[in-house]
Amino acid sequence: MKLKTVRTVLLVIFSIFCVLWLLAFLTKFPPFGYAAIATIIAYGIINIVFWRCPNCGKCIGGIWLGKYNHCRYCGEEIKL
């Protein structure tokens, strides 16, 4: 998967998590909380598996936050 696609998927999953967490907090309905936990676990798995440097294959980390323009391991420029 391309990094731009992975970033979009991660942002959507994180947005869903935020909505579920807010619903769980406001309604006190436990299934919303459980769904929020499952969503954040899926986010973590997708982040670890697909969010990798195209050059060296190591996990990039927090680049989707705009902190990094280069891989911290090999120095390759990350183009999104």
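Is Phe 32 buried, partly exposed or exposed? In this predicted model, the relative accessibility of Phe 32 is 27%, and the residue therefore counts as partly exposed. Phe 29 is likewise partly exposed, its relative accessibility being 46%. The ring centres of Phe 29 and Phe 32 lie 5.5 Å apart with their planes at 70°, so that this pair is edge-to-face.

The aromatic pairs number four in total. One of them joins Trp 21 to Phe 25 in a stacked arrangement, with 5.8 Å from centre to centre and 10° between the planes. Both of these residues belong to helix H1, where they are four residues apart, or about one turn of the helix.

Helix H1 spans residues 3–27 and helix H2 spans residues 30–50, and their axes come within 8 Å of each other, crossing at roughly 160°. Because roughly antiparallel applies to angles over 145 degrees, H1 is roughly antiparallel to H2. The crossing of the two helices is left-handed, and the residues of their contact comprise 19 nonpolar and four polar ones, with no charged residue.

As regards the cysteines, zero disulfides are found in a search of the whole structure. Cys 53 takes part in no disulfide, the nearest cysteine sulfur being that of Cys 74, 3.7 Å away. For Cys 56, the closest cysteine sulfur belongs to Cys 71 and lies at 3.8 Å, which is too far for a bond, because a disulfide requires the sulfur atoms to be within 2.5 Å. Cys 53 counts as buried, at 3% relative accessibility, whereas Cys 56 is partly exposed, with a relative accessible area of 32%.

Conventions. Residues numbered from 1 in each chain as written. Predicted model: local features only at pLDDT ≥ 70, side-chain atom pairs only at ≥ 80, totals over all residues. Heavy atoms only, no water. Axes fitted to C-alpha atoms, helices over the stretch in contact; angles between N-to-C directions. Parallel < 35°, antiparallel > 145°, perpendicular 65-115°, else oblique. Left-handed = near helix turned anticlockwise from the far one by under 90°. Nonpolar A, V, L, I, M, F, W, Y, C, P; charged D, E, K, R; others polar. Buried < 20%, exposed > 50% of the residue type's maximum accessible area, 1.4 Å probe, protein only. Phe/Tyr/Trp six-rings, centres within 6.5 Å; stacked < 30°, edge-to-face > 60°.
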